Every structure is written in C-alpha cells, then in structure tokens.
Amino acid sequence: MRAGSIAALAPVVAMACTLALPQGAQGADYLRGSQIEQPVEPPPMFGGGRFDWSGFYFGGGAGVSDTKFKPGEGLGDMANYAFRNTVLGAEGNIGSLVGNLAEKRDSGSTFFGVVGYNYLFDDVVLGLEVDYTRSGQNYIINDFIGRRITTSEGLNDVNITTSHGAKLNDYATARLRMGWAYGRLMPYATIGGAVGRFNTISSIRSTWFLTRTNPLTGATEAFYAAGYTPTNPSVVGGTKKNVYSFGLSAGAGVEWAVTDNLLLRAEYQIVRFAEVEGTTVTVNTARVAAALKF
C-alpha cells in the first residue's frame with residue numbers, strides 16, 4: 001500500500017522540478033546582468049570630480065579694447081624750450097599756453113596669442129603666462145593758439161601750432177596666474193608686467209612778431225624775430241616710430257576644460273603704460289580665448 005502511494009506521487013514531483021528550473025535560470029540571469037551591464041556615467045562638464053590642470057598650453061583669441069590716452073605736460077616743456085634764452089621765454093610762461101589737453105579714447109577689436117604653464121597644488125593652480133596683442137588704437141590732437149604778451153622788451157605776438165598724439169601698435173605681457181580648481185572650472189587672477197610699442201608725434205611750431213621801442217633812437221620797431229618767421233618757424237619735436245614703454249598688467253577670468261586637451265576662457269585685462277613722449281596710456285580689454293593643453 002505504502003509503495004503504491006510513493007509510486008503515484010513520483011510523476012507530480014518530477015513535474016514540479018521541471019517548472020522550477022526555468023525560473024531559477026531566469027533569476028540567475030537577472031542577477032548576472034545587474035552586475036555586468038550597469039551604465040558608466042560620463043565625467044561632469046562643470047565642477048565635480050578632478051582635472052589635472054598642470055602642464056603646458058598655447059592658444060589665441062580676440063577681444064574688445066577701450067584705450068585711454070592722457071596727455072601730460074610734455075607740450076608745455078617743449079614750448080618753454082622753444083623760447084629759451086629770450087626775454088619772452090623768461091617772462092611770458094609760454095608753456096602754460098599749450099597745457100591742459102583733454103583725454104582721448106579709442107576702442108575696437110584686438111587679437112592676441114598666449115602661451116603658458118600651470119602647476120597644480122591640490123586645488124590651487126599657479127602658472128606663468130605670456131601673451132602678445134596686436135592693437136593699432138591711436139589719438140591725435142592738433143591745436144592752434146595765438147596770444148599777445150607784454151614783456152619788458154615790448155609787445156610780443158606769438159602763434160603756436162601743436163600736434164600731439166600716439167599710436168599703440170602692439171604690446172606683450174608676462175604675468176603670474178593664480179587660480180582655484182573646481183573640477184573642470186578654474187576662476188583665476190593675474191598680475192605682471194607689460195611692454196608696448198608706440199608711434200608718437202609731439203611737435204610745436206612757433207612764430208613771434210615783436211613790437212618794441214629802440215632804446216637808442218626811440219623809434220618804434222616791428223619785426224619777426226629771427227628763427228620765428230612764417231617761412232622759417234621755430235620747430236621743436238616731431239614724429240618717432242617704435243618707441244617702447246613699460247607698464248603693469250592685471251586681470252581676472254574663468255577657464256573651462258572642455259576636454260582633457262581643450263581649454264576655453266573669458267577674462268578682463270587692464271594694462272597701464274608709463275608716460276611715453278608726453279602721453280600716459282591705459283588699455284581695458286574684455287576677451288575670450290581657446291587653448292590646447294599638453
């Protein structure tokens with residue numbers, strides 16, 4: 001009786017095992033797939049993670065510059081020099097007639113190249129960078145002034161024509177760059193020196209007509225002083241090419257590592273040059289650039 005019951009249950013047990021096997025295989029496949037086929041997340045585009053900012057890079061870019069030209073006292077000194085060793089020069093203060101020239105501005109697009117090297121210390125980036133910018137911005141002031149000046153010698157009619165200007169051909173800066181790495185973004189600041197190449201004009205042309213009383217005869221004399229005639233005026237100064245001036249540079253910006261080898265940046269830069277032939281020059285530039293990193 002017992003043997004018959006066991007024999008009757010055998011087909012049921014075999015069927016249950018057959019149904020259970022496919023489900024177990026499916027479960028094993030599911031577990032195996034969850035371990036192998038997980039998607040790999042791409043690196044973050046901004047911030048997060050780490051990026052090696054150290055290394056050499058070079059590139060170029062373009063910007064918009066506003067250049068301020070501020071005339072100094074150079075023309076006044078030249079006017080005093082033009083009438084040196086004369087009674088008019090000693091008593092007339094000729095230099096004061098041509099001073100106080102107004103500031104001038106010029107603006108436009110500029111193009112530049114850049115090369116540098118970064119050192120990475122944890123999240124701090126220190127670098128050295130050199131750039132070269134082609135400018136071409138300029139100004140010129142032409143003026144004429146006529147005055148009658150009374151001195152102990154008599155009446156002096158003075159006419160002075162002035163030309164004063166400068167053109168910034170190009171300039172270069174060498175700067176220390178300091179930044180903070182935030183993944184693939186790096187805000188930074190720069191400071192360093194600059195040298196600019198200028199063409200300048202600074203000239204004074206003067207005529208001088210003197211009316212006086214002859215101390216011996218008492219007769220009135222009126223004449224152009226020698227070397228100050230309309231056909232042979234006194235000329236001081238002139239044009240100069242490739243005059244160099246040194247200055248300081250500072251700026252700030254942000255750089256983005258698009259890939260491991262491509263960098264994009266946007267920055268502001270100010271460059272101030274020492275007085276060059278009577279003109280002080282300040283350049284403010286907003287610019288963008290791309291560079292290759294190695």
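In this predicted model, Arg184 is buried, because its relative accessibility of 13% falls under the 20% cut-off. The side chain of Arg184 forms a salt bridge with Asp260, with N and O 2.9 Å apart. This pair links distant parts of the chain. Arg184 sits in the loop between strand 4 (154-180) and strand 5 (185-213). Asp260 sits in the loop between strand 7 (234-257) and strand 8, and the two residues are 76 apart. Asp260 is partly exposed, because its relative accessibility is 46%, between the limits of 20% and 50%.

Side chains of opposite charge can pair when their charged atoms come close. The model holds 18 salt bridges in total. One of them joins Glu129 to Arg265, where the closest N and O atoms are 2.8 Å apart. Glu129 belongs to strand 3 (residues 124-151) and Arg265 to strand 8 (residues 262-276), so this bridge ties together parts that lie 136 residues apart in sequence. Both Glu129 and Arg265 are buried. The two residues also take part in a network of salt bridges.

Arg212 is partly exposed, with a relative accessibility of 28%. Glu221 is partly exposed as well, and its relative accessible area is 22%. Arg212 has Glu221 of strand 6 as its bridge partner. Strand 5 and strand 6 (residues 220-224) run antiparallel and are joined by five bridges. They form a hairpin, with six residues between the two strands. In the turn, Gly218 has a positive phi of about 80 degrees.

One cavity of 30 Å³ or more was found. The largest cavity has a volume of about 30 Å³. Its lining consists of Val114, Glu255, Leu263, Leu264, Arg265, Ala289, Ala290 and Ala291. Strand 8 and strand 9 (279-293) each contribute at least two residues to this lining. Six of the lining residues are nonpolar and two are charged. No polar residue takes part.

Key:
Residues are numbered from 1 along each chain as its sequence is written. This is a predicted model: local features need pLDDT of at least 70, side-chain atom pairs count only at pLDDT 80 or more; totals for chains, interfaces and linings use all residues. Side-chain values use heavy atoms; hydrogens and water are left out. A salt bridge is a side-chain nitrogen of Lys or Arg within 4 Å of a carboxyl oxygen of Asp or Glu. Helices (H or I, at least four residues) and strands (E, at least two) are DSSP runs, numbered from the N terminus. Buried means under 20% relative accessible area, exposed over 50%, partly exposed in between (1.4 Å probe, protein chains only). Two strands pair if DSSP finds at least two bridges between them. On a 1 Å grid over the protein atoms alone, a cavity is a set of points where a 1.4 Å probe fits but cannot get out, and a pocket is an open set with protein on both sides within 12 Å along at least five of seven lines; lining residues have an atom within 4 Å of a point. Grid points are joined across faces, edges and corners, and a volume is the space filled by probe spheres set on the points. Ala, Val, Leu, Ile, Met, Phe, Trp, Tyr, Cys and Pro count as nonpolar, Asp, Glu, Lys and Arg as charged, and the others, Gly among them, as polar.
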